[in-house]
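Colleague: I have the model open and would like to talk through a few spots in it. Can we start with how the terms are used?

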Amino acid sequence: MIEPLLGRKRTHRCGDLRPEHAGRRVLLMGWAARVRDHGGVLFLDLRDRYGVTQVVFRPEKLEPPMLERARAIGSEFVVLVEGTAGKRPPGSENLDLATGAMEVEADRVSILNMSRTPPFPLDGTGTASEDLRLRYRYLDLRRESLKSNMVFRHKLVRSVREYLSDQDFLEIETPLLVKPTPEGARDYVVPARLHPGKFYALPQSPQLYKQILMVAGFDRYFQIARCLRDEDLRADRQPEFTQIDLEMTFVTEDDVFGVVEGTLRSVFARDLGRDLPIPFPRMTYEEAMARYGSDKPDLRIPFEIRDITEIAGTSAFEVFRSALAGAPKTATLVLALPGLAGASRREIDGYEAAAKQAGAAGLAWARVKGASLDGGVAKHFAGALVSKLLEATGGKDGDLLLFASGPLRLAQRVLGLLRTQIGNAAFKLDSQDFRFVWVHQFPLFEWNETRSSWGPAHHIFTMPLDSDLPYLESDPGRVRAQLYDLAGNGNELASGSVRIHRKDIQETVMRVIGMKSEEAHLKFGFLLEAFEYGAPPHGGIALGLDRLVVLFHGGDSIRDAIAFPKTASATSLMDGAPAPIDPADLRELKIRIEP
Ligand code: ASP
């Protein structure tokens, strides 16, 4: 039944045929996406990467052995057909298909290979579990949505390469086997057979190498770089993911922003056929937290956080009064949710539960009815205070007010969370409305409660703002960094910084976080040494490629942008990684596994 190819070649691919091909003799090869028997006439949808072509087998026009073969075609068989291209009869065209006006009247057919019945339908119908789809990833990749994400990913990378190359960036590969460096996340390690007891690490990012490339004088570097982090995976993280990684010499953040904006603008023009207005808006971390309670704000959501500490503090509500007493460390913040006054008590209770889960002591609320308040904390606001409050919150008739009161950052985070949650649930946010925003001037340090010490908010090579240099040691908490993120529709899309290139600043930063010089040299000695040989001012950024693909082209998670992703527990269901290795290999590596 299975026939050899016999050197036959395709005349067209399955997405090619158009009315002008009518009457041509064609030879197509592909997979049997669907076979239907319409009263003896067989219809085959033949699919390849480029599209689907309808093939017709008419019993009266086929030799019996050919007809027999056609009838034997099963789902996902690999099939070769020869015949005549023709227009479909009027009224039977399929407008959803590029080839939908055409069909091939087959006179010869060969089965090039058979297929087991796929464990789930490949036409997007049915609800196969993701585990099953990951197990048979090669079948899942035949589905239109995943396939087109791969195609889009390729195009995006091509555009990025071309744009950056045109801007004089050089694509340079950095090693995959690197020195283990504790950099936040855990390293994946590779035993060094030639050096028993020693290990390479797989890079968490090319960070140190790209900085050294700047010391080497390459001026502008980029790489489509794989990053590997052995983290306890949160939803939508992958142990290996890809960054568009870049670094530049003699720059300020404006230059880095300009390159990223230009890159995305070029991707929009080439691959999405859209104009992308640049430059993107910018806001400081402080402003992002104050207005959106998040460092990756979704600017599509039509309401913002307002600070009403003063006004609420003069109400009769004790919680609000004590927030005013503790200001500015404590605050009362509010969200006025447009048109949501009709929310049921159950819904409001749900919001409160979410607030409590985020660490809040509670969540106060009130409905706006005309020019007055109703329900919840309404009773604590009297007379003129109501109109003052409404003015300050921007609340209008029919709105629901949600108040968070307490430590400032916590209140911001809680309302930021609710803003995202309610914004997505109750408002139709357009996934094609891309709203980018730079968030910059993050704090340089974060206070680590458990270790009772300052730690770097990003990494230890991030340059403080020039104006904050005097406070590096005296007041580390107020030092802001030349550290920036690009956010888009609530996602963190990129992150980077201007780096420290001066030894004195680097040493001060290490002192603040309690890193001894010996420790620093053990971990980053090669970089610090390189810095002693004429390190230029430099900075860079890395964009999450997988995330960009999903944001621009669709998908539920970054798994939909990766050909062979892993599960949430970092396993590959298709090939069974990770897996034990041969005991002989372990012996050679001088590694013993503890039972
Ligand atoms: N290496 C950094 C990261 O992976 C990005 C950068 O600072 O360029 O987050």
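Modeller: Buried means under 20% relative accessible area, exposed means over 50%, and partly exposed lies in between (1.4 Å probe, protein chains only). Helices (H or I, at least four residues) and strands (E, at least two) are DSSP runs, numbered from the N terminus. This is a predicted model, in which local features need pLDDT of at least 70 and side-chain atom pairs count only at pLDDT 80 or more, while totals for chains, interfaces and linings use all residues. Residues are numbered from 1 along each chain as its sequence is written, and side-chain values use heavy atoms, with hydrogens and water left out.

Colleague: Okay, which residues of helix 11 are buried?

Modeller: In helix 11 (residues 384-393), the buried ones are L385, V386, L389, L390 and T393. They lie on the same side of helix 11 because they cover an arc of only 135° around the axis, the arc being that of the directions from the helix axis to the C-beta atoms.

Colleague: Why would residues spaced like that point the same way?

Modeller: An α-helix has 3.6 residues a turn, so residues three or four places apart point the same way. On the other side of helix 11, A384, K388 and E391 are exposed.

Colleague: And what do the buried residues of helix 11 pack against?

Modeller: Counting contact as heavy atoms within 4.5 Å, their partners include helix 8 (309-313), strand 13 (330-337) and strand 16 (400-407).

Colleague: Switching to strand 4, how many of its residues are buried?

Modeller: Strand 4 (residues 78-87) is mostly covered, with seven of its 10 residues buried. Two strands pair if DSSP finds at least two bridges between them; strand 4 pairs with strand 1 in the antiparallel sense over seven bridges, and 10 bridges join strand 4 to strand 5 (residues 102-113), also antiparallel.

Colleague: Which residues face each other there?

Modeller: L80 in strand 4 stands opposite M29, while V81 has V109 of strand 5 as its bridge partner.

Colleague: Where are the cis peptide bonds you noted?

Modeller: One runs from A327 to P328, with omega near 0°, and P328 sits in the loop between helix 9 (318-325) and strand 13. Another runs from A577 to P578, again with omega near 0°.

Colleague: What about F250, buried or exposed?

Modeller: F250 is exposed, with a relative accessible area of 61%, and its phi is positive, near 55°, in a residue other than glycine. Most residues other than glycine have a negative phi.
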